[in-house]
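Subject: Structure for you to look at

Hello,

Here is the structure I said I would pass on. My notes on it follow below the model.

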Amino acid sequence: MTLERNGSSLVPAATVNPARTGTRRWSRRRGVVGVFSALAVVAFAGALVAPTGVALAEQAPEESPDSAYSVALADTQNLTVTVEGAPITPAVRGTFEVYVKPKPVPVPAPAAASGSSDESSGSGPLFYTGGGAPAEWMAAAGIAESDWGYVDYIVSKESGWNPNATNSSSGACGLVQALPCSKVPGNGYDPVDNLRWANGYATGRYGSWAGAHAFWTNNHWW
């Protein structure tokens, strides 16, 4: 009789059941395979979870403060270079006004009229160069034509009808030798201004040109 080991004891070979022995071996194999399978599933699950866990554990990077370069880059205008004929949208910019204080315009000096006096400026008298005739001057001065004979007599004696006649000693000027010359409104050397003043002087002092003529013939001055 042949003895076989069954567990911890020896039993006769005839009493060992072959089918039972095969079942035990298959159970051991399944147990080993199950352990390895469980380890493989755990390893696979760890591989899937590990990146997510690491990602969750990492801290979010802090935002770096704006640098001078980044600020300047944001403010830089976008320039568009296109071929000829392509439309370019103009940039919209704010408007502003610049006030420039205007320079004062110089006031031109009034032009001196022909025959006007310039004695007060110290440059000497402005002599008359306008031309004309005694009749025209007396008419322009407002002297009645009936008095022209008296006027002609006095003016001929005083200046010889020279509008620019001047008395070197007294300073009397003009056709009727007004004294002083500055009392003639306008210019004492202008014949019209001189005769206009003389018309008022003759009527005011002597009552008329006839009275002025009579005084002159008696005194040789008026």
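Which backbone nitrogen does the side chain of Asn194 reach? It is that of Leu175, at 3.5 Å. Please keep in mind that the model is predicted.

Asn194 itself lies in helix 5. It counts as buried, because its relative accessibility is 0% and the cut-off for buried is under 20%. Leaving out residues up to four places away in sequence, Asn194 touches Cys173, Gly174, Leu175, Val176, Ala178, Val184, Asn187 and Gly188.

The overall layout

The chain has 6 helices and 2 strands. Read from the N terminus, their order is β-β-α-α-α-α-α-α. Of its 222 residues, 19% count as buried. The chain exposes about 16,800 Å², and 59% of that is supplied by carbon and sulfur atoms. Among contacts with a separation of 6 or more, 36% are between residues 24 or more positions apart.

The nonpolar core

The largest nonpolar core holds 24 residues. Within it, Ile143, Val151, Trp161, Leu195, Trp209 and Trp222 have the most contacts. Helix 3, helix 4, helix 5 and helix 6 each supply at least two residues of this core, and the largest share, 6 residues, comes from helix 5. In soluble globular proteins, nonpolar side chains tend to be buried together.

Apart from its neighbours within four places in sequence, Leu195 is in contact with Trp137, Met138, Ala141, Ile143, Val151, Val155, Trp161, Leu175 and Val176.

Helix 6

Helix 6 covers residues 209-219, and Trp209, Ala212 and Trp216 are buried in it. Why do these three fall on the same side of helix 6? They cover an arc of only 55 degrees around the axis, which puts them there. The buried residues of this helix pack against helix 4 (148-158) and helix 5 (191-206).

Both ends of helix 6 have a detail to check. At the start, a side-chain oxygen of Ser208 comes within 3.3 Å of the backbone nitrogen of Ala210. After the helix comes His220, with a positive phi near 65 degrees.

Aromatic pairs

The count of aromatic pairs comes to 11. In one of them, Trp137 and Trp161, the ring centres are 6.3 Å apart and the planes are at 35 degrees, so the pair is tilted. This pair links distant parts of the chain, with Trp137 in helix 3 (residues 134-140) and Trp161 in the loop between helix 4 and helix 5, 24 residues apart. Trp137 counts as buried because its relative accessibility is 8%; Trp161, at 14%, also counts as buried.

Phe215 and Trp221 form another pair: their ring centres are 5.0 Å apart and their planes are at 90 degrees, so this one is edge-to-face. Phe215 is partly exposed, with a relative accessible area of 24%, and Trp221 is partly exposed as well, at 44%. Both belong to a cluster in which ring pairs link Trp197, Tyr201, Tyr206, Trp209, Phe215, Trp221 and Trp222.

Regards

Methods
Residues are numbered from 1 along each chain as its sequence is written. This is a predicted model: local features need pLDDT of at least 70, side-chain atom pairs count only at pLDDT 80 or more; totals for chains, interfaces and linings use all residues. Side-chain values use heavy atoms; hydrogens and water are left out. Buried means under 20% relative accessible area, exposed over 50%, partly exposed in between (1.4 Å probe, protein chains only). Helices (H or I, at least four residues) and strands (E, at least two) are DSSP runs, numbered from the N terminus. The arc is that of the directions from the helix axis to the C-beta atoms. Contact means heavy atoms within 4.5 Å. A polar contact is a pair of N or O atoms within 3.5 Å; within protein, one must be able to donate a hydrogen and the other to accept it, and residues adjacent in sequence count only if both atoms are side-chain atoms. Accessible areas come from the Shrake-Rupley method with a 1.4 Å probe; for residues, only the protein chains shown count as cover. Rings of Phe, Tyr and Trp (its six-membered ring) pair if their centres lie within 6.5 Å; planes under 30 degrees apart count as stacked, over 60 as edge-to-face and the rest as tilted. A nonpolar core is a set of buried Ala, Val, Leu, Ile, Met, Phe, Trp, Tyr and Cys residues joined through side-chain atoms within 4.5 Å.
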